[in-house]
Amino acid sequence: MKNKKMKIARIEAEVSQERLAEIVGVTRQTINLIESGSYNPSLKLCTEICKALNKTLNDLFWEE
């Protein structure tokens, strides 16, 4: 399942995939895979992404 919430939050924060990857210590391809739903990130990576985008785990990763 695509992570549209993360992609929208990243775009709203005006952060590129490459910049977000640099901030959280992964590759741009990893961010792309997470957003496309092809990669399930670890809890540690999820929390780092949330911190970088100023969001909560519920905001970005909880499915309703």
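Before going on, a word on what we are looking at. This is a predicted model. The protein chain averages a pLDDT of 94, and 97% of the residues score at least 70. Within the chain, confidence is highest in α2, at 98. It is lowest in helix α5, residues 57-61, at a mean of 93. Where pLDDT is low, the predicted coordinates should not be read in detail.

Now the record. UniProt has an unreviewed entry with the annotation "domain: HTH cro/C1-type", covering residues 6-60. What is the helix content of that span? The span is 71% helix and 0% strand. Its end C-alpha atoms lie 5 Å apart.

Let's take the helices, starting with α2. This helix runs over residues 17-24. Which of its residues are buried? They are Q17, L20, A21 and V24. These four cover an arc of only 100° around the axis, which puts them on the same side of α2. What covers them? The cover includes α1 (4-12), α3 (28-36) and α4 (43-53). After α2 comes G25, and its phi is positive, near 80°.

On to α3. Here the buried residues are T30, I31, I34 and E35. Look down the axis of α3: these residues fall within an arc of 135°, so they line one face of the helix. Their cover includes α1, α2, α4 and α5.

Glycine is one case of positive phi. What about residues that are not glycine? Take E14. Its phi is positive, about 55°, although E14 is not a glycine. E14 sits in the loop between α1 and α2. Is E14 buried or exposed? It is exposed, with a relative accessible area of 73%.

N54 is another. Its phi is near 55°, again a positive value in a residue other than glycine. Find N54 in the loop between α4 and α5. At 69% relative accessibility, N54 counts as exposed.

Next, some charged side chains. Start with R10, in helix α1. Is R10 buried or exposed? R10 counts as buried, because its relative accessibility is 8%. And where does its side chain go? It reaches the backbone oxygen of V15 at 3.0 Å. Set aside the neighbours within four places in sequence. R10 is then in contact with V15, S16, Q17, L20, E35 and L53. Q17 and L20 are among the buried residues of α2. E35 is one of the buried residues of α3.

Compare K7. It is found in helix α1 as well. At 41% relative accessibility, K7 counts as partly exposed. K7 and A21 are 14 residues apart in sequence. In space, C-alpha to C-alpha, they are 13 Å apart.

Then K44, in helix α4. K44 is exposed, with a relative accessible area of 62%. K44 and V24 are 20 residues apart along the chain, and their C-alpha atoms are separated by 9.8 Å.

Last topic: the cysteines. How many disulfides does a search of the whole structure find? The count is 0. The cut-off for a disulfide is a pair of cysteine sulfur atoms within 2.5 Å. From the side of C50, the closest cysteine sulfur is that of C46, at 6.7 Å. Are these residues buried or exposed? C46 counts as buried, at 8% relative accessibility. C50 counts as buried too, at 4%.

Then trace R10 to the backbone oxygen of V15. Finally, look at E14 and its positive phi of about 55°. That's it from me.

Key
Residues numbered from 1 in each chain as written. Heavy atoms only, no water. Buried < 20%, exposed > 50% of the residue type's maximum accessible area, 1.4 Å probe, protein only. Helix = DSSP H or I, 4+ residues; strand = E, 2+ residues; numbered from the N terminus. Arc of directions from axis to C-beta. Contact = heavy atoms within 4.5 Å. UniProt positions renumbered as here; feature names shortened; annotations may be inferred. pLDDT = per-residue confidence, 0-100. Polar contact = N/O pair within 3.5 Å; in protein donor to acceptor, adjacent residues only side chain to side chain.
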